[in-house]
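Subject: Structure for you, with notes

Hello,

Here is the structure I promised. My notes follow below it.

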Amino acid sequence: MSVEPIDPATESAVVDHMLGRTRGLSTAELLRALRDVEHDHTLAAIESLIAAGVLSRTGDRLYPTVALAHLDSLGMVCI
């Protein structure tokens with residue numbers, strides 16, 4: 001898959017959609033929710049956020065990490 005460099009706006013959209021989702025979302029559900037963003041860009045943002053420790057993946061489900069949830073509870077996530 002060849003995509004442009006990760007777009008901060010796409011990463012922000014993914015994070016915004018994942019905040020507070022303790023049950024997580026499947027990749028397909030997230031792609032449907034962010035249907036206005038090219039799928040390749042969303043997938044690249046997901047991989048980048050996993051590598052950065054912002055999201056985690058179990059099987060096909062994506063979850064916000066404990067660190068992201070904690071920063072959000074402190075009011076430090078402003079999107």
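The largest nonpolar core has 12 residues: Val14, Val15, Met18, Leu25, Leu30, Leu34, Ala45, Ile46, Leu49, Leu55, Leu62 and Leu68. A nonpolar core here is a set of buried Ala, Val, Leu, Ile, Met, Phe, Trp, Tyr and Cys residues joined through side-chain atoms within 4.5 Å. Buried means under 20% relative accessible area, exposed over 50%, and partly exposed in between (1.4 Å probe, protein chains only). Two elements give two or more residues to this core: helix 1 (8–18) and helix 3 (39–51). Helices (H or I, at least four residues) and strands (E, at least two) are DSSP runs, numbered from the N terminus.

This is a predicted model: local features need pLDDT of at least 70, side-chain atom pairs count only at pLDDT 80 or more, and totals for chains, interfaces and linings use all residues. Residues are numbered from 1 along each chain as its sequence is written, and side-chain values use heavy atoms, without hydrogens and water.

Now the salt bridges (a side-chain nitrogen of Lys or Arg within 4 Å of a carboxyl oxygen of Asp or Glu). The structure holds two.

- Glu29 and Arg61 pair at 3.7 Å, N to O. They link distant parts of the chain, 32 residues apart: Glu29 is in helix 2 (residues 27–33), Arg61 in strand 3 (residues 61–64).
- Arg57 and Glu47 pair with their closest N and O atoms 2.5 Å apart. Arg57 is in strand 2 (residues 55–58) and Glu47 in helix 3, 10 residues apart. Arg57 is partly exposed at 36% relative accessibility; Glu47 is partly exposed at 41%.

Best wishes
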